[in-house]
Amino acid sequence: MSITTDTHRQESHTLEEPVRPEGILANAAREALRYKLSDYLVVDCDAHHYEGLTLAHLVPFVDHPSIRRRLESHLKRSATGRSANFLPTVLGNQEVAGRLRRYYAAPEGTVDDGVPAEVTRFRYAMRQMGVDYALMYPTNMLHIGMHPEVEVEVAVTWAYARWITECVLPFDSSIKTLLLLPFNDADASARMVEEFAERPGVVGFMVSSLRDQPVHHNKYMKVYAALEERGLPLAFHGVTDWQHPTQRLFNRFLSVHALGFPLYNMIHMMNLVVNGIPQRFPRLRFIWMECGVSWLPFVMYRLDNEYMMRSSEAPLLEKKPSEYIREFYFTSQPLEATDSHEHLAAIFDMIRAETQLLYASDYPHWDFDLPTRILKLPFLSDSAKRRILGENARGLFRLEPDRQGR
């Protein structure tokens, strides 16, 4: 069943529309003008929406009848405060005690002659921040990998894939996505790649890293082969979970947030590299998201040191682990605040940031980075800034020229 209308397909947001000098993202708009961001191609490789605002829209796309009824029941009962959670719950004060306002309040449903509210919200944020392309992802659904019922993960991610490809992406060619895979079911993940790889706006696929399945298991080889065959990248998106046994010793969300995001990506990256997945699929490009960059030298050099002493345990490798890792891509947010720019410059050099780093805002989450976070780095050349802000992503995702022909 298709719910998409044929109107407003593939229209791009209009950067010529005036930015708003007040309200949400007013400072971002002023910075975009001050630093002349319009002179740069800016691709935001990690931006989110709150699917809680649109969860009801997924109902018609859930094929599994009993899971669809559970979602309908959840939506009805949630208004009364009596509903059990449908998705895994998230602990932690994300709004810093209410000090942050982080979402433009577009009306629900459709506005502007049929344009979905979700598109309107994204267009507003992109215009204020000076972003030309943005990759859209869910928020709470990133915890779906810890749902004990795999069939729920499959039903919900499949419904989300249909909703975003039929009801969101067709309305604006500047909004793209890496589709969230139901990775606890390798067969369903492979089917999703086959079904959705050619849909407009889909530029790759993504795994939410919070899960207990080893990503080097043989069952995933069909997924990696399908992606490599189609030339599409696979991202691992960092997620944190205070309720997970690895993080229950923390008594502050600050600590959970600092370690939780890179922790699972560290584990998955080590498993991929040590088990030779990049060697088996040399044309498959991996992206590591929402972990900053300071964790990378630790993983690279710890693995190199161990590999040189115990290379017999990684027989598929033909070079040091760090050499494989330097061929991966990484998103920038949250870019760490080091004491000296020299320290950050050294990390950028270690990971070949000029060709491998992708700008990401993570907006509207509370710790988002503006594009000027990259522009203000004094050790980067103008060419490097252009590559990180947009050119690396344009090549990786094979983006069409923007409205200015760049």
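Predicted model: local features only at pLDDT ≥ 70, side-chain atom pairs only at ≥ 80, totals over all residues.
Trainee: Let's start with the rings. How many aromatic pairs are there?

Mentor: The count comes to 12 aromatic pairs. One of them is Tyr224 with Phe286.

Trainee: What kind of pair do Tyr224 and Phe286 form?

Mentor: Tyr224 and Phe286 are edge-to-face. The angle between the planes is 75°, and the centres are 6.3 Å apart. An angle over 60 degrees counts as edge-to-face, so this pair gets that label.

Trainee: Where do the two residues sit in the chain?

Mentor: Tyr224 is in helix α7, residues 221-230. Phe286 is in strand β8, residues 286-289. They are 62 residues apart, so the pair links distant parts of the chain.

Trainee: Are they buried or exposed?

Mentor: Tyr224 is buried, because its relative accessible area is 0%. Phe286 is at 1% relative accessibility, so Phe286 counts as buried too.

Trainee: Which residues are in the cluster with them?

Mentor: Ring pairs link Tyr224, Phe236, Phe281, Phe286, Trp288 and Phe328 into a cluster.

Trainee: Staying with helix α7, what about Ala225?

Mentor: Ala225 is in helix α7. Ala225 has a relative accessible area of 32%, so it is partly exposed. Now take Phe281: Ala225 and Phe281 are 56 residues apart in sequence. In space, their C-alpha atoms are 7.1 Å apart.

Trainee: New topic, charges over rings. What lies over the face of Tyr324?

Mentor: Lys319 does, at 4.9 Å from the ring centre.

Trainee: And which charged end sits over the ring of Tyr40?

Mentor: That of Arg386. The charged end is 4.2 Å from the centre of the Tyr40 ring.

Trainee: On to pockets. What is the volume of the largest pocket?

Mentor: The largest pocket has a volume of about 550 Å³. Its lining has 34 residues.

Trainee: Which of them lie nearest its centre?

Mentor: Val90, Gln94, Thr139, Asn140 and His143. Helix α8, residues 253-274, gives the largest share of the lining, which is three residues.

Trainee: How does that lining divide into nonpolar, polar and charged?

Mentor: There are 13 nonpolar, 15 polar and six charged residues.

Trainee: Where is Val90 found?

Mentor: Val90 is in the loop between α3 (65-78) and β2 (110-111). Val90 has 34% relative accessibility, so Val90 counts as partly exposed.

Trainee: Now cavities. How many are 30 Å³ or more?

Mentor: Two cavities reach that size.

Trainee: What lines the second largest cavity?

Mentor: Leu55, Leu58, Val62, Leu71, Phe86, Val156 and Ala159 line that cavity. Helices α2 (55-58) and α5 (150-167) each supply at least two residues of the lining.

Trainee: How many nonpolar, polar and charged residues does that lining have?

Mentor: By class, seven are nonpolar. There are no polar and no charged residues.

Trainee: Last one, cysteines. How many disulfides are there?

Mentor: A search of the whole structure finds zero disulfides.

Trainee: Are Cys167 and Cys291 buried or exposed?

Mentor: Cys167 is buried, because its relative accessibility is 14%. Cys291 is at 6%, so Cys291 also counts as buried. The cut-off for buried is under 20%.

How values were computed. Residues numbered from 1 in each chain as written. Heavy atoms only, no water. Phe/Tyr/Trp six-rings, centres within 6.5 Å; stacked < 30°, edge-to-face > 60°. Helix = DSSP H or I, 4+ residues; strand = E, 2+ residues; numbered from the N terminus. Buried < 20%, exposed > 50% of the residue type's maximum accessible area, 1.4 Å probe, protein only. Lys NZ or Arg CZ within 6 Å of the ring centre and 35° of its normal. 1 Å grid on protein atoms, 1.4 Å probe; cavity = no way out; pocket = protein on both sides within 12 Å on 5 of 7 lines; lining within 4 Å. Points joined across faces, edges and corners; volume = space filled by probe spheres on them. Nonpolar A, V, L, I, M, F, W, Y, C, P; charged D, E, K, R; others polar. Disulfide = S-S within 2.5 Å.
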